[in-house]
Amino acid sequence: MKVGYACLYGLANAGKSTLLNAILGLKIEAVSPKPQTTRYNVQGIYTDSDSQIIFIDTPGLHRPHGRLGSILLQEAEDARSNVDVLVYVVDGSYRRIDTETASKISKMNIPVIVVFNKIDKISLEEGMERLSEYSKILPNAEFIQMSALKKFGVDELLNAIKKHLEEGDLLYPEDQLIDRPTRFVWAEMIREKCMINTEKEIPHAVHVEITHVEDNPDLGKKVIFADIIVEKPSEKAIIIGRNGQKLSLIRKHAEHSISNFMQEKVALELYVKVVPDWRNNPAKLQEYGYKDR
Ligand SMILES: Nc1nc2c(ncn2[C@@H]2O[C@H](COP(=O)(O)OP(=O)(O)OP(=O)(O)O)[C@@H](O)[C@H]2O)c(=O)[nH]1
Ligand SMILES: [Mg+2]
């Protein structure tokens, strides 16, 4: 077996989590059009007949806002070291070349694969031109054209990664997909629906905690209770919406995603709570699982 670690690294919104979901063939990672959707280094485990690759999905590189922002940046930087391959995910449809990240990576002593993502959004000419700019900065890297959304290029990436791995024993059971408890995935799915359905600063003010789970024999399904935490009463009002419509939409979408993931029907009970300025509160950040240093 070829076994090892690959880090998904790159600017916020490049498509790292979409790529990991495509690799695992199952939605476990939160994805949204807003930058800094991913909040934790999450390990997704891919196993096939001749390999096991442990992918570390990182929070996208982004100018940090407040204490939480700095923690996210540090998480991504930590994940970069101690892996066998760095998978640098680039938004190929984005006009500006990310020279800052590319030059930083070029100085690192580690194999680099550049995933040139979102090619479904651009013409061939536009893609080739932009890709050549990146290959000037990273002349030793291997380039793979990708549409993580349309699952194009995934096998090519897996084969490219395998070339850099050494022989070894499995590190995780072959049926394990993620190094986190199931509740983590539930909370991320609820948070993703909050992010997708709100605007401006609100998506980033949301944290979700699963409080408890019970089997409801009358409903014939599991009921998951969760708190949606925001920073201000005005944000609470927006999440709930007029006559509770927004919250009900979030609940429906999240129930759908979690039921798909669990392969059984689940119901959600959501409560919205205000914890003032939690993103700058060291005790709260720790309680919510963010590694503060
Ligand atoms: N058209 C297109 N859109 C994509 C593709 N890959 C990702 N996206 C979209 O890009 C947005 C960002 O995707 P994410 O997977 O959340 O990006 P990320 O790099 O994980 O972002 P952060 O977690 O914020 O760092 C989402 O709206 C995705 O649907 C792709 O190949 N093509
Ligand atoms: Mg992400």
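Two strands are said to pair if DSSP finds at least two bridges between them. With that in hand, welcome to a few close-up views of this predicted model.

**View 1. Strand β1 and its partners.**
Strand β1 covers residues 2–9 and pairs with strand β3 (residues 51–57) in the parallel sense, over 7 bridges. To find your place in this pairing, look for Lys2, whose bridge partner in β3 is Ser51. Strand β4 (residues 85–91) also pairs with β1 in the parallel sense, through 4 bridges, and here Ala6 has Val85 as its bridge partner. Strand β7 (residues 166–167) runs antiparallel to β1 and is joined to it by 2 bridges; in this pairing Val3 stands opposite Glu166. Of the 8 residues of β1, 6 are buried, so the strand is largely enclosed by the rest of the structure.

**View 2. Val115 in strand β5.**
Here we visit Val115, a residue of strand β5 (residues 112–117). Is Val115 buried or exposed? Its relative accessible area is 0%, and because buried means under 20%, Val115 counts as buried. Leaving aside residues up to four places away in sequence, Val115 touches Leu19, Val87, Tyr88, Val89, Val90, Ile144, Met146 and Leu157.

**View 3. The magnesium ion.**
Which residues coordinate the magnesium ion (ligand 2)? They are Ser17, through OG, and Thr38, through OG1, at 1.9 to 2.2 Å. This pair links distant parts of the chain, 21 residues apart: Ser17 belongs to helix α1 (residues 16–24), while Thr38 sits in the loop between α1 and β2 (42–48). Both Ser17 and Thr38 are buried.

**View 4. A sheet of three strands.**
This open sheet has 3 strands in the order β8-β9-β10, with mixed pairing. Its edge strands are β8 and β10 (266–274), each pairing on one side only. From one strand to the next, the twist averages 20°. Strand β9 (residues 221–230) runs parallel to β10, and 9 bridges join the two; one place to look is Phe225, whose bridge partner in β10 is Glu269. Helix α6 (residues 182–196) lies across β8, β9 and β10, running at about 120° to β8. Helix α8 also packs on the sheet, where it touches β9 and β10 and makes an angle of about 155° with the direction of β10.

**View 5. His207 in strand β8.**
Let us now look at one residue of strand β8 (residues 207–216), namely His207. At 2% relative accessibility, His207 counts as buried. The side chain of His207 is joined to that of Glu209 by a polar contact of 2.7 Å. Beyond residues up to four places away in sequence, His207 touches several others, among them Arg39, Tyr40, Asp227, Trp278 and Tyr290.

**View 6. Helices α8 and α9.**
Two packed helices are described by the angle between their axes and the distance between the axes. For helix α8 (residues 233–240) and helix α9 (residues 245–262), the axes come within 5 Å and cross at roughly 65°. On the α8 side the contact involves Ile238, Ile239 and Ile240, which meet Gln245, Lys246, Leu247 and Ile250 of α9. The residues of this contact divide into 5 nonpolar, 1 polar and 1 charged.

Notes. Residues are numbered from 1 along each chain as its sequence is written. Chains are lettered from A and ligands numbered from 1 in the order in which they are written. This is a predicted model: local features need pLDDT of at least 70, side-chain atom pairs count only at pLDDT 80 or more; totals for chains, interfaces and linings use all residues. Side-chain values use heavy atoms; hydrogens and water are left out. Buried means under 20% relative accessible area, exposed over 50%, partly exposed in between (1.4 Å probe, protein chains only). A polar contact is a pair of N or O atoms within 3.5 Å; within protein, one must be able to donate a hydrogen and the other to accept it, and residues adjacent in sequence count only if both atoms are side-chain atoms. Contact means heavy atoms within 4.5 Å. Axes are lines fitted to C-alpha atoms, for helices over the stretch in contact, and angles run from 0 to 180 degrees between N-to-C directions. Ala, Val, Leu, Ile, Met, Phe, Trp, Tyr, Cys and Pro count as nonpolar, Asp, Glu, Lys and Arg as charged, and the others, Gly among them, as polar. Donors are N, O and S atoms within 2.8 Å of the metal (3.2 Å for Na, K and Ca); water is not among the atoms, so sites may look incomplete.
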